[in-house]
Amino acid sequence: MQENKIETNDSLWYPPGGILIWMIVLVEVLTFSLGIGSLLYDKAKDLNTFTFMQSHLNKTFAFWNTVFLLTSGFCIATAVYYRTKNNINFFTIFLLASILFGFAFLFLKFYEFREKWLLGFGLETSQFFSYYWLLTGFHYLHVVVGVIILFIIYLGRKTISVDNLEAGAVFWHMCDLIWLLLYPALYLIQ
């Protein structure tokens with residue numbers, strides 16, 4: 001009986017998922033970091049207005065969205081582990097859990113967007129809300145793409161290579177990382 005061997009590239013110089021995904025991550029993290037840096041710079045120039053506008057954000061929603069994304073990130077990391085151990089059942093369970101928590105983030109964030117929109121806090125309301133909509137909207141699109149990637153992985157779960165799985169997981173962890181930068185910058189730092 002022949003056992004299925006999972007092929008991986010264990011070279012010291014080959015990052016999980018391949019070099020291209022890490023280049024994308026670098027560019028995306030730099031882009032968001034520049035946006036957050038600009039937000040913090042402008043906030044320092046007009047602290048009272050920014051703090052007042054920030055008080056209209058829903059910190060409870062932001063907290064739960066953080067929990068959802070981090071849990072999803074844990075689940076995809078666990079799914080990768082089980083895939084490398086050739087345990088398709090646990091791989092599938094954790095992959096589906098990751099997708100579910102990703103959808104939970106998207107649903108709650110959409111509800112928050114809707115709430116802000118209905119209260120009249122649009123892109124043009126203030127400089128703070130311009131940053132809010134641009135940064136969180138751009139992140140939301142990344143999460144949508146990430147969930148699509150996870151779903152594509154699910155569809156090919158029986159044949160996906162570890163490299164491709166890791167590339168999808170790295171993209172998903174990038175969404176976590178960016179949110180961990182946005183969450184304090186927009187919702188917590190006074």
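## Surface patch

Ile19, Leu20, Trp22, Met23 and Ile24 form a nonpolar patch on the surface of this predicted model. Leu20 belongs to helix H1, which spans residues 19-45. The relative accessible area of Leu20 is 57%. Leu20 therefore counts as exposed, because the cut-off for that class is over 50%.

## Aromatic pairs

A pair of aromatic rings is described by the distance of the centres and the angle of the planes. The count comes to 23 aromatic pairs. One of them joins Tyr132 and Trp133, edge-to-face. Their ring centres lie 5.5 Å apart, with 80° between the planes. Tyr132 is buried, at a relative accessible area of 0%. Trp133 has 17% relative accessibility, so Trp133 counts as buried too.

Tyr183 and Tyr187 make a tilted pair.

## Ring cluster

Which residues do ring pairs link into a cluster? The members are Phe50, Phe113, Trp117, Phe121, Phe128, Phe129, Tyr131, Tyr132, Trp133 and Tyr140. The edge-to-face pair of Tyr132 and Trp133 thus has both its residues in this cluster.

## Charge over a ring

Arg157 places its charged end over the ring of Tyr154. The distance to the ring centre is 4.1 Å.

Terms used. Residues numbered from 1 in each chain as written. Predicted model: local features only at pLDDT ≥ 70, side-chain atom pairs only at ≥ 80, totals over all residues. Heavy atoms only, no water. Patch = residues over 30% accessible without salt bridge, like charges linked within 9 Å, V, L, I, M, F, W, Y side chains within 5 Å. Areas by Shrake-Rupley, 256 points an atom, 1.4 Å probe, with all protein chains shown as cover. Salt bridge = Lys/Arg side-chain N within 4 Å of Asp/Glu carboxyl O. Helix = DSSP H or I, 4+ residues; strand = E, 2+ residues; numbered from the N terminus. Buried < 20%, exposed > 50% of the residue type's maximum accessible area, 1.4 Å probe, protein only. Phe/Tyr/Trp six-rings, centres within 6.5 Å; stacked < 30°, edge-to-face > 60°. Lys NZ or Arg CZ within 6 Å of the ring centre and 35° of its normal.
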